[in-house]
Amino acid sequence: MYKEICSKYAPTKDNLIYILHEIQDTHPQHYISEEAVEAVSEYLKIPSNHIYGVLTFYTMYSTKPRGKNIIRLCESPPCYIKGSDNIMRKLRTELGVEEGGTTKDGLFTLELCACLGVCGNAPVMMINDDVYGDLTEEKVEEILEKVRRRK
Amino acid sequence: MKFYRNHVLVGISEMALNAGVEDFLKALRQELAKADLAEEINILETGPLGFFGKGICITVYPENINYSDLKIEDIPELVNEHFLKGRPVARLILETGAKFSPKFNYETRIVLRNSGIIDPESIDEYIGAGGYEAWEKALTQMQPMDIVNEVKASGLRGRGGAGFPAGVKWSFTAPLEAEQKYVVVNADEGEPGTFKDRLIMEGDPHQLLEGIMICARAIGASKAWIYIRGEYKLCIERLRHAIKQAKEYGILGENIFDSGFDLDIDLKIGAGAYVCGEETALIESLEGNRGNPRWKPPFPGVKGLWQYPTVVNNVETLANVPYIIKNGADAYKKFGTPECTGTKVYTILGDVAHPGLCEIDMGTTLRTIINEYAGGMKKGFKFKAALVGGAAGVILPDRLLDVKMDFASLNQYAAVLGSGAILVMNEHQSIVDILWSILRFFRHESCGKCAPCRNGTQQLYKLITKIKSGNGTMDDVELMQNIAETMLNTSFCALGQSPIMAIRSAIENFKDEFIEITKK
């Protein structure tokens, strides 16, 4: 499976970030495993420690298995002064997990992130590719319910 | 040509999509057809209209009425009252300050002149609005050095934060002999509170492409990369579409306009790292490495991407270029101040009546921006401070409200214009609290390459957390300033040199708050 993804790209180092994006996006648990790193290392002919270095540098990548839906709540100043901490508290109690944790049913992973560039609607979070803004505690409940029903 | 009674512009942005604008459009079209108005009312999908927190927004011409926060349930009333009987629905109209109409809040538009007016997915509409004329002029009537000199004469300064003159940057690279040169566009917008580049790309992607093309011609590059953050899905989609269209029209590709000039533009998707806004870190990331900044010199203009000469410019900087080439440096210099020409796109957030963005002359005061373009403070709130320039910015108190917002004037107060983000705080908000949030951000975003920044950002966060919790002393406050000062002098890149600005301005302007909280 990893070889197949690799072969879509030319075997040059500048494609590393693309390959990692695709591996992570297509993995049901949204992460990049050790086997994946080995496969990419072999394909691009670059050491796996370099790949691991890149992997852990960028916030969008994960080396641990994650849930089906990844919640990324912005904690930067514009969202912070609009109460993102309250939203985080709400998410933690609703989901029963701490930052970086995945719910037992494997449906959600809760993460914090830096500015998402949607500050006009602070506080903001993304669930996978969808942006949710102007969050309130009630809205969080609604959104989670909607995503749960979607499964 | 077909004539319509009304043109309805529907803003398609990330937030509008989330609010269900697609279903809304379908329902609106159905309702118009039902009322037999489909031939009279034209619906146009366009980029973001420029107001936020307002869900689905539309603008109706020729009346120039803005509706906001629309729901599908509002459609029958809207169609029946406004489109059929010509009576605008007052309860749905977006209330704005006097300055906002009739052009809403883009008073002086260069970069955003087409945004929210043309369909960003149609190259024909861009060309119809005068687009790609500058590119044709640059390619067929001007020599590369003419372009560089024109941009130099315009006084255009980089809009990414540092404000380095763009024409000067180009002039380092243009005369170099190299088998390959590159243009790299920094679209990795990550400064907290900044989303101007997203709006420019969502609203008018072709304008950015045209700016890139002119830059490529000026420096002799045959390949350009747009390094864009992975979260900007709609921008990525629209840019890809725009590149495809430009290729189909022969505006991009090989032997453009029979000039013998070849150019290819491609996207590179980032993976989330604030430090990649630093140009050498961005280049490292493009090459498939960790985004650690490089030693300068050599500067990227001499040795950049894969060691070839590379010009790295911000999205907003390049989006200004077509106007300069088409209308000349003198026309451009009419905007702004003599030292800082042109306009700036600001994003105004926080406790103002109308958060959003505006493009206005460089040198406009903070007071004017807040009072006239953002509609003043939100009802019931008093101004306390504004964080200008994002996390790498400064906290300005009300006594500095009349400082002109441009690179040169702000420098006098050890302040920076940065990316143009303005975060307004009310009298109830704690400066210590906001500083804590800023330092938390830096702790997370330090790349770890150099010790002053790697360790310094951690220590700063520890100290501010201690102060915030009420366990700190004034010695801690002083230590914080000392550490940040050391970081300014010893850090490898601008990231580690930035925390001092917020810290110093917070302590200088709001010392009482630090004294108060450390007394406990």
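Visitor: How much of chain A counts as buried?
Guide: Of its 151 residues, 42% do. Buried takes 20 or more other C-beta atoms within 10 Å of the residue's own, with C-beta atoms placed from the backbone. This is a predicted model: local features need pLDDT of at least 70, side-chain atom pairs count only at pLDDT 80 or more, and totals for chains, interfaces and linings use all residues. Residues are numbered from 1 along each chain as its sequence is written, while chains are lettered from A and ligands numbered from 1 in the order written.

Visitor: How many helices and strands in chain A?
Guide: Seven helices and four strands. These are DSSP runs, numbered from the N terminus: H or I over at least four residues for helices, E over at least two for strands.

Visitor: And in which order do they run?
Guide: From the N terminus, α-α-α-α-β-α-α-β-β-β-α.

Visitor: Switching to chain B. What is its mean pLDDT?
Guide: 91, and 97% of its residues reach 70 or more. pLDDT is the predictor's confidence in each residue, from 0 to 100.

Visitor: Where is it below 50?
Guide: Over residues 97-106 of chain B. Where pLDDT is low, the predicted coordinates should not be read in detail.

Visitor: How do α16(B) and α20(B) cross?
Guide: At roughly 170°, with axes coming within 10 Å. The two helices are therefore roughly antiparallel, a term for angles over 145 degrees.

Visitor: Which residues of α20(B) make the contact?
Guide: B:Pro499, B:Ala502, B:Ile503 and B:Ala506. Contact means C-beta atoms, placed from the backbone, within 7 Å.

Definitions and conventions: Axes are lines fitted to C-alpha atoms, for helices over the stretch in contact, and angles run from 0 to 180 degrees between N-to-C directions. Angles under 35 degrees count as roughly parallel, over 145 as roughly antiparallel, 65 to 115 as roughly perpendicular and the rest as oblique. Two residues are in contact if their C-beta atoms, placed from the backbone, lie within 7 Å. A residue is buried if 20 or more other C-beta atoms lie within 10 Å of its own, exposed if 12 or fewer, and partly exposed in between; C-beta atoms are placed from the backbone.
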